[in-house]
Amino acid sequence: MNFHLLCAWYAIGDLAAPKITAQESAAFLMLAACILVFRTFRERHLLVWILGWAAYAASGWFASDSTAFISSPELQAVSHAAFILALCLFAAGILVYTRTQKYILPLFVATGTITTLAVARLFYWPDEPTLVVALPTVTVHALGRRRHRYFIGVLDPCASAELTRGCPWDCSFCSAWTFYGRSYRKVSPEAAAEDLARIREHNVFLVDDVAFIQAEHGFAIGREVERRGIRKQYYLETRCDVLLKNQEVFAYWRRLGLYYMFLGLEALDEEGLRLHRKRVTWGENERALEVARRLGFAVAINIIADPDWDERRFAVVREWALSVPEIVHLTVATPYPGTETWLTESRALTTHDYRLFDVQHAVLPTRLPLDRFYEELVNTQAVLNRKHLGWGAVRRYGGPAVRALARGQTNYLKMMWKFGSVYNAARQRGDHDRPVQYPMRPRGPMTAKPNGAQLYVHDSVAQRRASA
Ligand code: SF4
């Protein structure tokens with residue numbers, strides 16, 4: 001039968017007697033949901049996803065009559081091509097969302113090649129098993145090839161899992177709370193443990209914004225993990241007051257394999273903590289560090305350096321960092337779109353170069369001359385280098401590094417000597433003189449106290465219910 005006629009016949013036949021499978025229904029539901037969300041948010045990536053779901057629904061529809069599908073290479077070709085196109089559009093939507101459009105052309109070239117191969121196989125080598133197995137295998141293999149490249153410190157390689165999402169606090173520099181309207185959601189203990197059991201890496205980064213805010217939830221997941229005999233090494237991020245309040249759950253997870261944690265101190269004095277609206281005191285921070293040491297955790301800390309700092313402020317941080325055993329890291333205060341400071345920071349941005357918004361460059365006016373600011377910043381970062389990287393790290397972390405090497409993992413070892421290429425005062429200063437390729441959108445008018453409507457990317461469930 002002529003191919004076009006065949007397709008037309010199918011369309012008319014299905015309109016007359018629709019036979020929608022569960023898979024197609026799911027695709028149509030997702031399509032409708034995307035259209036509804038798009039009508040509200042008008043984001044370009046949603047439009048691409050709508051096309052993706054349409055292609056996915058089409059691929060299912062062409063395969064819905066299994067008898068005709070098996071006997072018709074044309075139907076198979078269209079269905080396969082639509083399926084590959086759907087995957088391509090889903091990936092393209094993510095690229096649009098993450099503003100990495102430069103990968104879209106290679107993605108479409110790869111999609112075209114795979115589609116041509118898949119269609120050619122149907123017509124020319126229908127019984128060639130190598131290609132049947134090779135195509136999906138190559139795709140899966142290509143996706144999984146970089147998996148071993150993810151690592152965090154000695155946790156090499158490292159996978160990630162999420163037990164809760166969102167943060168009920170409201171630190172002025174952070175987008176974790178503005179993203180979900182300060183809401184906080186938990187995954188069920190069974191689902192969390194199942195997720196962890198599926199991870200094949202030994203190291204897992206629990207990427208919750210603030211881990212174990214609710215001790216009972218942490219205990220419940222821990223019991224599931226124990227019941228299933230899951231043994232892994234974990235890294236997580238939490239707040240000092242949460243660690244102080246829920247010491248027992250952290251001690252319990254220490255036994256389950258939690259060893260590394262990140263504590264966002266951000267400032268070394270009450271004034272700084274107040275400015276960042278951390279809602280925690282310096283005394284609590286110090287007590288939390290003592291608790292972490294007593295429980296045997298390896299702790300990383302971040303301090304936010306303000307562009308207004310002079311040499312004395314940097315010297316205070318260096319002195320403190322050298323007096324504690326923790327890994328102390330320094331970032332530069334940066335108003336980001338989506339945070340409160342983007343709307344309230346009264347100092348004008350000195351650059352709109354997207355590349356400089358990486359918390360290692362000053363995008364606000366510095367009190368010190370810019371080159372001096374970077375010298376102080378890098379000198380202070382060098383404390384981290386002396387304590388935890390280079391030959392100092394070989395003494396402390398030589399064992400884990402050798403074990404990683406034995407497994408063929410070289411990420412951590414290579415990182416130990418990269419300090420000079422990452423933190424370099426002259427290069428960081430020179431970055432300001434590069435031509436701007438991708439400018440940030442200018443900020444709107446300053447606001448003294450923005451409200452939820454100006455800040456929240458997604459409203460919380462309570463707010464959605466209230467406005468419904
Ligand atoms: S810095 Fe931490 S505690 Fe503060 S809002 Fe962000 S995630 Fe929450």
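Colleague: Where does Arg-99 lie in this chain?

Modeller: Arg-99 is in the loop between H5 and H6, where helices (H or I, at least four residues) and strands (E, at least two) are DSSP runs, numbered from the N terminus. The model is a predicted one, in which local features need pLDDT of at least 70 and side-chain atom pairs count only at pLDDT 80 or more, while totals for chains, interfaces and linings use all residues. Residues are numbered from 1 along each chain as its sequence is written.

Colleague: Is Arg-99 buried or exposed, and why?

Modeller: A residue is buried if 20 or more other C-beta atoms lie within 10 Å of its own, exposed if 12 or fewer, and partly exposed in between, with C-beta atoms placed from the backbone. Arg-99 has 10 C-beta neighbours inside 10 Å and therefore counts as exposed; its phi is near 55 degrees, a positive value in a residue other than glycine.

Colleague: What is the phi of Phe-212, and where is its place?

Modeller: Phe-212, although not a glycine, has a positive phi of about 60 degrees, and it sits in the loop between strand S4 (203-206) and H10. Because 28 C-beta neighbours lie inside 10 Å, Phe-212 counts as buried. Over the chain of 468 residues, 29% count as buried.

Colleague: Which peptide bond is cis?

Modeller: The bond from Asp-156 to Pro-157 is cis, with omega near 0 degrees, and Pro-157 is found in the loop between helix H7 (129-144) and strand S1 (158-161).

Colleague: How are two packed helices described?

Modeller: Two packed helices are described by the angle between their axes and the distance between the axes. Here the axes are lines fitted to C-alpha atoms, for helices over the stretch in contact, and angles run from 0 to 180 degrees between N-to-C directions. Helix H3 (residues 44-62) and helix H5 (residues 73-97) pack at about 165 degrees, with their axes 8 Å apart. H3 and H5 are therefore roughly antiparallel to each other, given that angles under 35 degrees count as roughly parallel, over 145 as roughly antiparallel, 65 to 115 as roughly perpendicular and the rest as oblique. The residues of this contact of H3 with H5 divide into 18 nonpolar, five polar and one charged, where Ala, Val, Leu, Ile, Met, Phe, Trp, Tyr, Cys and Pro count as nonpolar, Asp, Glu, Lys and Arg as charged, and the others, Gly among them, as polar.

Colleague: At what angle do the axes of H10 and H12 cross, and which residues meet?

Modeller: The axes of helix H10 (residues 215-227) and helix H12 (residues 247-256) cross at roughly 20 degrees and come within 9 Å, and H10 and H12 are therefore roughly parallel to each other. Two residues are in contact if their C-beta atoms, placed from the backbone, lie within 7 Å. On the H10 side, the residues that meet H12 are Ala-215, Gly-218, Phe-219, Gly-222, Val-225 and Glu-226, and their partners in H12 are Glu-248, Val-249, Tyr-252, Trp-253 and Leu-256. By class, the contact of H10 with H12 has seven nonpolar, two polar and two charged residues.

Colleague: Which residues surround the ligand?

Modeller: A residue is near a molecule if its C-beta atom, placed from the backbone, lies within 6 Å of it. The ligand is surrounded by residues including Cys-167, Trp-169, Asp-170, Cys-171, Cys-174 and Arg-239, and the whole shell divides into seven nonpolar, one polar and three charged residues.
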